[in-house]
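Please keep the sequence and the model in view while reading.

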Amino acid sequence: MLMSAFGGFMWLLFTAMLVLAVVALVMAATAREDAYRAANKQTKNFWLIILGIVVLVNLVVPMLFLQIAGLIATIVFFVDVRPALKQVTGGRGPRGSSSDGPYGPYNGGR
């Protein structure tokens, strides 16, 4: 009974790590390349490779040590890189706001 509960907990933990890595990979892929340079972080390709390896490790290699290393890389992306990218882009997505003009947001002449 106890081993079954432990196995279920580990499955839930591994699934959560995989989901976090996939979400981080999608966020890294949708951010603009120039935002990484402007935020003074590693390049977009660097983060795509690192997070892609993390997803691959979580899917293929059932080694807890490698999965924890991948979790650390994912946490670094969420805690350090993503907020810096949001600050540089003004919190907008990769395309900006729908009210943005060629020189910035349109404020209705105010």
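Among contacts in the protein chain between residues at least 6 apart in sequence, what percentage join residues at least 24 apart? The share is 62%, where contact means heavy atoms within 4.5 Å.

## Basis of the model

This is a predicted model, in which local features need pLDDT of at least 70 and side-chain atom pairs count only at pLDDT 80 or more, while totals for chains, interfaces and linings use all residues. Residues are numbered from 1 along each chain as its sequence is written, and side-chain values use heavy atoms, with hydrogens and water left out.

## Overall layout

The protein chain has four helices and two strands, which follow one another from the N terminus in the order α-α-α-α-β-β. Helices (H or I, at least four residues) and strands (E, at least two) are DSSP runs, numbered from the N terminus.

Of the 110 residues in the protein chain, 23% are buried; buried means under 20% relative accessible area, exposed means over 50%, and partly exposed lies in between (1.4 Å probe, protein chains only). The chain exposes about 7600 Å², with 69% of that area supplied by carbon and sulfur atoms, as computed by the Shrake-Rupley method with a 1.4 Å probe, and for residues only the protein chains shown count as cover.

## The nonpolar core

The largest nonpolar core consists of twelve residues, namely A24, A28, A31, A35, Y36, A39, W47, L51, F77, V81, A84 and L85. The elements giving two or more residues to this core are helix 1 (2–30), helix 2 (33–38), helix 3 (44–60) and helix 4, and helix 4 provides the largest share, four residues. Such a core is a set of buried Ala, Val, Leu, Ile, Met, Phe, Trp, Tyr and Cys residues joined through side-chain atoms within 4.5 Å.

With its neighbours within four places in sequence left aside, W47 is in contact with A28, Y36, Q42, A73, V76, F77 and V81.

## Partly exposed positions and a surface patch

V76 lies in helix 4 (residues 64–89) and counts as partly exposed because its relative accessibility is 36%. Together with L64, I68 and I72, V76 forms a nonpolar patch on the surface, with about 320 Å² of accessible area in total.

L20, in helix 1, is partly exposed, with a relative accessible area of 38%. Not counting residues up to four places away in sequence, L20 touches L71, T74 and F78, and the C-alpha atoms of L20 and V55, 35 residues apart along the chain, are separated by 9.1 Å.

Notes:
Patch = residues over 30% accessible without salt bridge, like charges linked within 9 Å, V, L, I, M, F, W, Y side chains within 5 Å. Salt bridge = Lys/Arg side-chain N within 4 Å of Asp/Glu carboxyl O.
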